[in-house]
Each structure stands twice: as C-alpha cells, then as structure tokens.
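Me: Hi, could you walk me through a structure that I have open on my screen? I would like to start with the overall picture and then go into details.

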Amino acid sequence: MSSKISIVIATYNGDRFLREQLDSIYSQTRLPDEVIVCDDHSSDQTVSVLEEYHQKYGLQYYVNEKSLGCNRNFIKAFELCT
C-alpha cells in the first residue's frame, strides 16, 4: 500500500514562477493525490494561473478575502489537506 501524497503551496503574487513550479509537480513519476494552494489575496495573475491548473489537473485552490501573512496562510493551506 502506497502512502498518500499531499502537496501544500502558499502563494502571494507568484505568477512569474508558479507555472514552472506546478509543471514540475505534475510531471513527477508519482503524481500527488492532491495539490492544495492557498493564495494570500494576490494582486497579480496568480489566481488565473491557479484556475488554469485547476481546470487541467484538478488542483484545489483557495483565495483569502484578506491577507493573512505568510505563516497563517501556509497553516490554512496545510489544514485543508486530507
């Protein structure tokens, strides 16, 4: 029996690097069972990129209504994992 793999990502205005990071995750030999992204109210195109990968791979993402800060945003993402 193999272990379940969950990947947690906390984002904030990271659209410049996000596609490269997600492409790397989704090109692994053993795909994750879930990818959870919690965005900390980005003002760039991060959410558009997340929606693209949601449509393509089923990535799960959540956008905070207001900024929580790095630590609280990551904790929220971690708590959303199954």
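Reply: Let us begin with a term: a residue is called buried when its relative accessible area is under 20%, exposed when that area is over 50%, and partly exposed in between. By that rule, buried residues make up 29% of the 82 residues in the protein. Please keep in mind that this is a predicted model.

Me: OK, and what is the secondary structure made of?

Reply: The protein has three helices and three strands, and when you follow the chain from the N terminus the elements come in the order β-α-β-α-β-α. The radius of gyration is 12 Å, close to the 12 Å that the globule rule gives for 82 residues, so the protein is as compact as a globular protein of that length.

Me: What does the C-alpha trace span along its principal axes?

Reply: Along those axes the C-alpha trace spans about 40 × 25 × 20 Å.

Me: How many salt bridges does the structure hold, then?

Reply: The structure holds two salt bridges. In one of them R19 pairs with E52, and the closest N and O atoms are 2.7 Å apart. R19 lies in helix α1, which covers residues 15-26, while E52 lies in helix α2, residues 46-57, so this pair ties together parts that are 33 residues apart in sequence.

Me: Which residue does R30 form a salt bridge with?

Reply: R30 pairs with D33, and the closest N and O atoms of that pair are 3.4 Å apart. This distance counts as a salt bridge because the cut-off is a side-chain nitrogen of Lys or Arg within 4 Å of a carboxyl oxygen of Asp or Glu. R30 is partly exposed at 36% relative accessibility, and D33 is partly exposed as well, with a relative accessible area of 42%.

Me: New topic, backbone angles. What is phi of N13?

Reply: Phi of N13 is near 50°, which is a positive value in a residue other than glycine. N13 sits in the loop between β1, residues 6-11, and α1, and N13 is partly exposed, with a relative accessible area of 30%.

Me: And H41, where is that one found?

Reply: H41 is in the loop between β2, residues 34-39, and α2. H41 has a positive phi of about 65° although it is not a glycine, and at 41% relative accessibility H41 counts as partly exposed.

Me: Next I clicked on F74. What is F74 in contact with?

Reply: If you leave aside its neighbours within four places in sequence, F74 is in contact with V8 and A10. F74 itself belongs to helix α3, residues 70-79, and at 40% relative accessibility F74 counts as partly exposed. F74 and S24 are 50 residues apart in sequence, and their C-alpha atoms are 20 Å apart in space.

Me: Is E20 buried or exposed?

Reply: E20 counts as exposed, at 60% relative accessibility, and this residue lies in helix α1. E20 and I9 are 11 residues apart in sequence and 13 Å apart in space, C-alpha to C-alpha.

Me: Last one, where is G58?

Reply: G58 is in the loop between α2 and β3, the strand of residues 60-63, and at 40% relative accessibility G58 counts as partly exposed. The C-alpha atoms of G58 and V35 are separated by 8.2 Å, and these two residues are 23 residues apart along the chain.

Definitions and conventions. Residues are numbered from 1 along each chain as its sequence is written. This is a predicted model: local features need pLDDT of at least 70, side-chain atom pairs count only at pLDDT 80 or more; totals for chains, interfaces and linings use all residues. Side-chain values use heavy atoms; hydrogens and water are left out. Helices (H or I, at least four residues) and strands (E, at least two) are DSSP runs, numbered from the N terminus. Buried means under 20% relative accessible area, exposed over 50%, partly exposed in between (1.4 Å probe, protein chains only). The radius of gyration is taken over C-alpha atoms; the globule rule is 2.2 Å times the number of residues to the power 0.38. Contact means heavy atoms within 4.5 Å.
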